[in-house]
Amino acid sequence: MSSVLHPATTGLSPSMAAKYRPISSHLAIAPPVSVVIPAMNEAENLPYVFKTLPRWIHEVVLVDGNSTDGTVEVARELWPEVKVVEQRGKGKGDALTSGFEACTGDIIVMVDADGSADGNEIVSYVSALVSGADFAKGSRFANGGGTDDMTPIRKLGNWALCTAVNRKFGARYTDLCYGYNAFWRHCLDKIDLDCTGFEVETLMNIRVVKAGLKVQEIPSHEYLRIHGTSNLRAVRDGLRVLKVILKERSNRRALRRREQHSPMLDSVRGEAS
């Protein structure tokens with residue numbers, strides 16, 4: 001698997017050219033890219049979402065949360081090769097986990113189904129990954145990013161939670177609760193997702209730092225949801241995010257204590273003395 005950017009396939013032999021996926025007339029990549037879209041009753045928004053997805057991506061995995069508005073049918077009409085995964089549990093975290101398991105690409109991109117994310121930005125995420133990052137984290141507050149969808153209260157809450165994560169885990173994030181991210185598939189083995197709700201993005205952001213993975217923030221613009229209403233509840237989900245932060249911090253302290261009192265470590269110290 002190649003992890004570098006390649007020139008366009010012009011001049012390459014047919015066998016070599018077949019390995020690369022063209023992004024533009026001057027750029028191509030080898031790693032296949034999977035896009036995961038969790039959706040529940042988003043039929044009206046999917047045309048806007050799929051319209052911006054690059055045609056060079058390897059596959060689209062739609063995780064359907066028991067929709068009743070024809071979401072799956074619309075997705076298949078818009079993208080005939082779409083891979084549909086029927087969600088068995090509930091919550092965004094559960095949906096994403098199911099989608100990740102179904103992916104076959106080396107790079108996985110998370111995209112919301114409400115029309116708030118611009119699929120044209122995917123090239124920026126992929127470029128960061130093939131240039132050396134393990135995890136490309138979207139940020140609405142990095143230079144060049146923005147949001148049309150956050151109230152002042154939500155911005156304040158996001159800032160407070162982001163500050164807490166930075167201080168407790170040594171991160172340098174400018175945004176925390178944002179669902180537009182991309183990563184190499186191998187990262188899943190190191191972050192072990194085990195939550196079901198909207199707090200999943202925070203859990204991922206914390207665990208990539210704890211795992212020592214290289215993170216690069218990508219400026220991203222969040223647009224307003226086009227149709228329908230969000231299932232996000234600021235207070236309820238904010239408390240769930242806080243609970244995840246405290247739990248992960250507690251687990252980190254417990255791990256340090258076990259390492260400090262490890263018999264193997266004590267043996268090593270004894271031999272050294």
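Me: With which side chain does the side chain of Arg140 make a polar contact?

Reply: In this predicted model, the side chain of Arg140 makes a polar contact with the side chain of Glu222, at 3.1 Å. When you read such a pair, look also at the sequence, where Arg140 and Glu222 are 82 residues apart, although their C-alpha atoms are 6.7 Å apart in space.

Me: Where in the chain does Arg140 have its place, and is Arg140 buried or exposed?

Reply: Arg140 is in the loop between strand 7 (135–139) and strand 8 (146–147). A residue counts as buried when its relative accessible area is under 20%, and Arg140 is therefore buried, since its relative accessibility is 3%. Leaving aside residues up to four places away in sequence, Arg140 touches several others, among them Arg154, Asn158, Asp175, Tyr178 and Ser220.

Me: How should I read the strands, and in what order do they lie in the open sheet?

Reply: The general idea is that strands of a sheet pair through backbone hydrogen bonds, either parallel or antiparallel. Here 7 strands form an open sheet with mixed pairing, in the order 5-4-3-6-9-7-10. Strand 5 (83–86) and strand 10 (215–219) are the edge strands, each pairing on one side only. Direction ignored, neighbouring strands of this sheet are turned against each other by 20° on average.

Me: Which strands are joined to strand 6 by bridges?

Reply: Strand 3 (residues 33–39) runs parallel to strand 6 and is joined to it by 4 bridges, whereas strand 9 (residues 181–184) runs antiparallel to strand 6, again with 4 bridges. You can follow this at Val109 of strand 6, which stands opposite Val35 and has Ala182 in strand 9 as a bridge partner. Another pair to find is Val33 with its bridge partner Ile107 in strand 6.

Me: What can I say about the two faces of strand 6?

Reply: Both faces of strand 6 (residues 107–110) are covered, with Ile107 and Val109 buried on one side and Ile108 and Met110 buried on the other. A helix can be read against the strands too: helix 3 (residues 71–78) lies across strand 3, strand 4 (59–64) and strand 5, and runs at about 170° to strand 4.

Me: How many helices and strands does the chain have, and what percentage of its residues is buried?

Reply: The chain has 10 helices and 11 strands, and buried residues make up 46% of its 273 residues.

How values were computed: Residues numbered from 1 in each chain as written. Predicted model: local features only at pLDDT ≥ 70, side-chain atom pairs only at ≥ 80, totals over all residues. Heavy atoms only, no water. Buried < 20%, exposed > 50% of the residue type's maximum accessible area, 1.4 Å probe, protein only. Pairing = 2+ DSSP bridges. Axes fitted to C-alpha atoms, helices over the stretch in contact; angles between N-to-C directions. Contact = heavy atoms within 4.5 Å. Polar contact = N/O pair within 3.5 Å; in protein donor to acceptor, adjacent residues only side chain to side chain.
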